[in-house]
Structure formats: structure tokens, C-alpha cells
Amino acid sequence: MNHPVAAVDLRKSYNGRLVLAADEFRLAAGQVTALVGPSGAGKTTLLRLAAGLETPDSGELYWFGRPSNAADLAARRRLGFVFQMPRLFSGTVYENLAYGLRLRGLGEGEIRERVERLLQQVGLSEFSAQVARSLSGGEQQRVALARTLITGPEVIFLDEPTANLDPPNVKAIEELVTGYCREQGAAVAWVTHNIFQARRCSQQLVFLAEGRVVEAGPTHRLVQEAAEARTRAFLSGEMIY
Ligand code: ADP
């Protein structure tokens with residue numbers, strides 16, 4: 001299987017406390033990998049390490065089969081991110097989407113075409129000229145996702161992107177991410193505390209607890225017959241988190 005992101009023995013401590021020790025972590029092309037587990041389990045830490053947003057204390061990380069390097073702009077441009085808070089730039093929705101394409105040297109005609117196409121996909125065409133930060137939270141998050149997708153990332157890192165959203169916007173984000181993953185063959189890493197979302201959207205599941213990967217594998221298999229009692233307790237809703 002093609003693994004655009006792979007890591008071995010990633011370790012991270014904060015203030016002398018080990019918060020993550022992940023023996024193995026991989027993302028498969030064309031699949032959503034959900035990172036689930038109780039609060040404080042290390043999900044965000046693992047995601048940020050794999051994305052190169054934090055540096056591990058030790059371990060090996062590979063992007064596209066080569067050792068990761070934060071200075072490797074060409075590799076970093078193949079990665080995309082969406083966080084819990086949209087973090088849009090000041091300026092219009094159009095400008096937010098055009099920005100990444102300008103950085104990549106595209107001409108204004110092509111930029112306009114791509115922005116319009118993507119705004120249509122996310123259902124926000126009418127907001128193109130509006131100041132992005134004046135939109136509702138759900139709309140802003142759709143803009144943030146569109147801004148990421150428009151650059152055509154091969155790997156997308158999502159950290160609780162729907163945590164603050166109402167059901168229609170949750171549904172929109174889920175459909176956009178899973179559709180993009182399927183159609184473009186992208187690898188998606190998705191941190192979620194919502195096991196139902198993980199079941200709806202992911203093909204692979206990584207269950208973390210207390211800074212360790214307890215169990216990882218295909219979502220349908222883990223949901224039906226997880227090997228570890230803690231995984232079963234979490235996936236069945238018995239474990240309070
Ligand atoms: P999760 O995403 O599963 O809720 P996190 O990865 O956010 O867990 O956090 C794992 C542990 O690491 C928590 O105990 C958290 O308090 C700690 N932690 C995370 N980031 C930092 C940081 N920048 N400084 C200190 N502690 C941190």
C-alpha cells in the first residue's frame with residue numbers, strides 16, 4: 001500500500017513528561033485515518049508531529065518515502081491542514097482561496113477559474129466578495145477547507161475541524177473531505193473525539209490512550225472485533241471521555 005506519511009518510534013515530551021510514544025503510524029493514500037481516543041491521549045500531538053508542525057524528541061518521519069524535512073518546501077506544499085478554528089486571513093473569501101495559488105505562481109485567469117469552481121463545490125459562491133471573517137463559524141470553516149483543497153494536497157491533516165459546527169456544516173465538511181479523499185486519492189488524518197464521525201468517515205482507525213497507540217487497523221474491523229479491551233470500551237461508548 002502507498003503510504004505518503006509513515007513514522008516509527010515518535011516520542012514527544014513536554015516539561016519532562018512523555019505525552020506521546022507512537023511505535024508506528026502510517027497514512028494510506030485514498031483513505032481517511034481517524035485518530036480517536038480520550039481527551040489528553042496524544043491525538044493532536046501525533047497529528048502535529050506527523051505534519052511537521054512540531055518536532056519529535058526522537059523517531060523517524062517520512063513524507064512521500066523520504067525523511068521529512070521542514071525546510072523542504074516542495075514536500076510541505078503537498079500537505080494541507082485544517083484546524084478547529086478556521087484562522088482565515090483578513091480580506092475576502094476570494095482572496096483567501098487565491099492566496100495559495102498565487103504562491104504557486106498561477107496566472108490570474110486560472111486562479112479565478114479554480115476559485116469559482118471550488119466555491120461552488122463548498123456552496124459558498126455567493127460569499128466570494130465578502131470579508132471572510134464576517135461569515136458564520138460554519139461558513140468560515142468551509143472556506144478554510146476550500147482554501148486547503150484548492151492547492152490539491154496529497155495529504156490532509158484535520159484537527160477536530162467540525163467540533164464547533166452545527167449539523168448541516170458538519171455534514172458539508174464530512175462530505176467534502178471524504179469526496180476529495182476518494183476522488184483525488186489523498187491521504188487524510190482526522191483527529192476527532194466523535195466516534196460516530198470516525199465510523200462514518202474513516203477507513204482506518206488509530207486508537208490512542210495515555211500517549212500510546214493502543215490499536216490501529218481498518219475501522220470496520222476494530223468496530224466489530226477490536227483486540228484490546230480498552231479499544232472495545234471506547235468504540236462501544238462504555239468508556240467515558
Ligand atoms: P488529545 O489531542 O488526545 O486531547 P493532546 O495531544 O492535545 O491530546 O495532548 C496530550 C498531552 O500533552 C496532554 O496532557 C496535554 O496537556 C499535553 N500537551 C500538549 N501540548 C502541550 C504543550 N504545548 N505544552 C505542554 N503540554 C502539552
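Biologist: Which residue does the side chain of Glu 175 meet in a salt bridge?

Modeller: Heads-up: this is a predicted model, with residues numbered from 1 along each chain as its sequence is written, and local features need pLDDT of at least 70, while side-chain atom pairs count only at pLDDT 80 or more. Totals for chains, interfaces and linings use all residues, and side-chain values use heavy atoms, with hydrogens and water left out. A salt bridge here is a side-chain nitrogen of Lys or Arg within 4 Å of a carboxyl oxygen of Asp or Glu. At 3.1 Å, N to O, the partner of Glu 175 is Lys 171.

Biologist: Which helix holds Glu 175 and Lys 171, and about how far apart are they in helical turns?

Modeller: Helices are DSSP runs (H or I, at least four residues) and strands are too (E, at least two), numbered from the N terminus. This pair sits in helix 6, residues 167-184. Because Glu 175 and Lys 171 are 4 residues apart there, their separation is about one helical turn.

Biologist: Is Arg 48, the salt-bridge partner of Glu 54, buried, partly exposed or exposed?

Modeller: The closest N and O atoms of Arg 48 and Glu 54 are 3.2 Å apart. For exposure, buried means under 20% relative accessible area, exposed over 50%, and partly exposed in between (1.4 Å probe, protein chains only). Glu 54 has 25%. Arg 48 comes in at 22%, so it counts as partly exposed.

Biologist: How many salt bridges does a search of the whole structure find?

Modeller: Among them is Glu 110 with Arg 114, at 3.5 Å between the closest N and O atoms; these two are 4 residues apart in helix 4 (residues 108-121). The search of the whole structure gives a total of 9.

Biologist: What share of the ligand's accessible area does the protein cover?

Modeller: Polar contacts are N or O pairs within 3.5 Å (within protein, one must be able to donate a hydrogen and the other to accept it, and residues adjacent in sequence count only if both atoms are side-chain atoms). Ligand oxygen atoms are 2.8 Å from a side-chain N or O atom of Arg 17, 2.7 Å from a polar backbone atom of Gly 40, and 3.0 Å from a backbone N or O atom of Ala 41. Accessible areas come from Shrake-Rupley with a 1.4 Å probe, and for residues only the protein chains shown count as cover. Of the 560 Å² that the ligand has on its own, the protein covers 62%.

Biologist: What is the C-alpha separation between Leu 158 and Ala 189?

Modeller: Leu 158 lies in strand 7 (residues 155-159), and at 0% relative accessibility it is buried. Leu 158 and Ala 189 are 31 residues apart along the chain, and their C-alpha atoms are separated by 6.0 Å.
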